[in-house]
Amino acid sequence: TLTQEKIFPFSHLELSLGLDSLDYVELFIFVEKSFGVEIDEVIFSKIMTIKALYDYIKEHQTKFNPTTVEWKNILKEDIDKKLIYSPYIMSLYKIILLPFFKLYFSLEVKGEENILLTPCIIAPTHQSMLDGFLVLATLPFKVLKKSFFLAFKQVFGKGILQPIAEHSHNILIDANIDLKQAMQYSALPLKEGSNLVIFPEGARSRDRKLLEFRPFFAMLSKTFILPIVPVIVDGGFEALPSGKLFPRPKKIRVTYLKAIEPDGLSYDEITVKVREAIEKEMERNPLYSKAL
C-alpha cells in the first residue's frame, strides 16, 4: 500500500521502493500495532531492506494482528506535550518587527483580506530565515495571538534564536528522533482551535526557486478539516540568502492568497492545489518571475 514498485526481498525501502518519511512513520506504526515490535529511526537505519525488516520483525514479534493505520487517529491521539500561549509576547514581537521591516526592507503586504479569523493552516513559501518573522509581523493581532509556528529544533533551538523560540508560539521539532511524536506535536495547535504556520517546502530554497511541497500540511488540513491560506514571501532570498548572517536592505513582499478548502480532496490533490495557487500568482505578477 505504500509503493507502486515491485517488491523483492532485497528491495531497498528508500532507494528501490521510494518510501519517504511519512511512509516510514506509517510503516513503524503498522509494525508496532500488528506485530508488537517497536522500531525507531536508529533501528530502522540498520534494516533498510525488505528481507532485513522481515527478519527483525520475525525475531522480535509478540503478536500477529494486522491493523489498518489511520492518520486521522494518529494525529488526534493525546500526547504529553502542552502548548504555552504567550499572546502578549507575540504582540510585542509584532510591534517591534513590523515598523522595522517596513523601514529596512520597504515591506509590502498584499491580500490581507484573505487572512482568516477562524482556525486555519498558513502555508508560506520559504526563501530565508526571515520568513517566519515576516509572517509573524504581518498577521493581524487577533490572528497572531492564536498562531503557532512549526520550526526545526536544530535551527531555532540553539544559539541566539533559542530564547526567542522558547518564549513565543513555536513548535520545535526534531524529526530525526521521533517523527511520529513530532507530527502529533505539530497537530496540537489545530486540535486546540488555533492556527499553524507551516512551510510546505520544509526547507529554505537555495536558488530562489520553489522546492517540492511535502504533503504533511495537506494531511493536517484534511484530518482537521481546516482551510489552507497560501502565502508568498518574496525578497527574503536577496535580503538574507542561505549562509549569510546579516540581512541586506532589499525589497520584501508578503502576499496572502485566497484560502483553499480540503473538502473532497486527497493529500496529493491538496498539495498540488496549494502549489498551483502560488505558481499562478507568481506567473501573473512579474515581480515573482525569478522564483519559478
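Buried here means under 20% relative accessible area, exposed means over 50%, and partly exposed lies in between, with a 1.4 Å probe and protein chains only. By that rule Ala218 is buried, because its relative accessible area is 0%. The model is predicted: local features need pLDDT of at least 70, side-chain atom pairs count only at pLDDT 80 or more, and totals for chains, interfaces and linings use all residues. Residues are numbered from 1 along each chain as its sequence is written, and side-chain values use heavy atoms, with hydrogens and water left out.

**Helix 11 and Ala218**

- Ala218 belongs to helix 11, residues 216-224; helices (H or I, at least four residues) and strands (E, at least two) are DSSP runs numbered from the N terminus.
- Helix 11 is largely enclosed by the rest of the structure, because eight of its nine residues are buried.
- The buried residues of helix 11 are Phe216, Phe217, Ala218, Met219, Leu220, Ser221, Thr223 and Phe224.
- Between the C-alpha atoms of Ala218 and Gly36, which are 182 residues apart along the chain, the separation is 30 Å.

**Nonpolar cores**

- A nonpolar core is a set of buried Ala, Val, Leu, Ile, Met, Phe, Trp, Tyr and Cys residues joined through side-chain atoms within 4.5 Å.
- The largest such core has 42 residues, of which Leu75, Met183, Ile198, Phe216, Leu220, Val274 and Ile278 touch the most other members.
- Helix 10 (residues 179-191) gives the most to this core, with seven residues.
- Met183 touches Leu22, Val25, Trp71, Leu75, Phe216 and Met219, with residues up to four places away in sequence not counted.

**Aromatic pairs**

- Rings of Phe, Tyr and Trp (its six-membered ring) pair if their centres lie within 6.5 Å; planes under 30 degrees apart count as stacked, over 60 as edge-to-face and the rest as tilted.
- The count by this rule is eleven aromatic pairs.
- Phe30 and Phe35 make an edge-to-face pair, because their ring centres are 6.1 Å apart and their planes are at 80 degrees.
- Within this pair, Phe30 is partly exposed at a relative accessible area of 29%, whereas Phe35 is buried at 15%.
- The pair of Phe101 and Phe105 is tilted, at 5.7 Å centre to centre and 45 degrees between the planes, and both residues are buried.
- Phe100, Phe101, Tyr104 and Phe105 are linked into a cluster by ring pairs.

**Charges over rings**

- A charge sits over a ring if NZ of Lys or CZ of Arg is within 6 Å of the ring centre and within 35 degrees of the ring normal.
- The charged end of Lys81 sits over the ring of Tyr185, 5.0 Å from the centre.
- For Lys94, the charged end sits over the ring of Phe141, 5.2 Å from the centre.

**Positive phi**

- Most residues other than glycine have a negative phi.
- Ser106, a residue other than glycine, has a positive phi near 50 degrees; Ser106 lies in the loop between helix 5 (87-104) and strand 1 (108-110).
- Ser106 counts as partly exposed, at 40% relative accessibility.
- Ile225 follows helix 11 and has a positive phi near 50 degrees; the place of Ile225 is in the loop between helix 11 and strand 6 (228-234).
- Ile225 counts as exposed, at 59% relative accessibility.

Key. Contact = heavy atoms within 4.5 Å.
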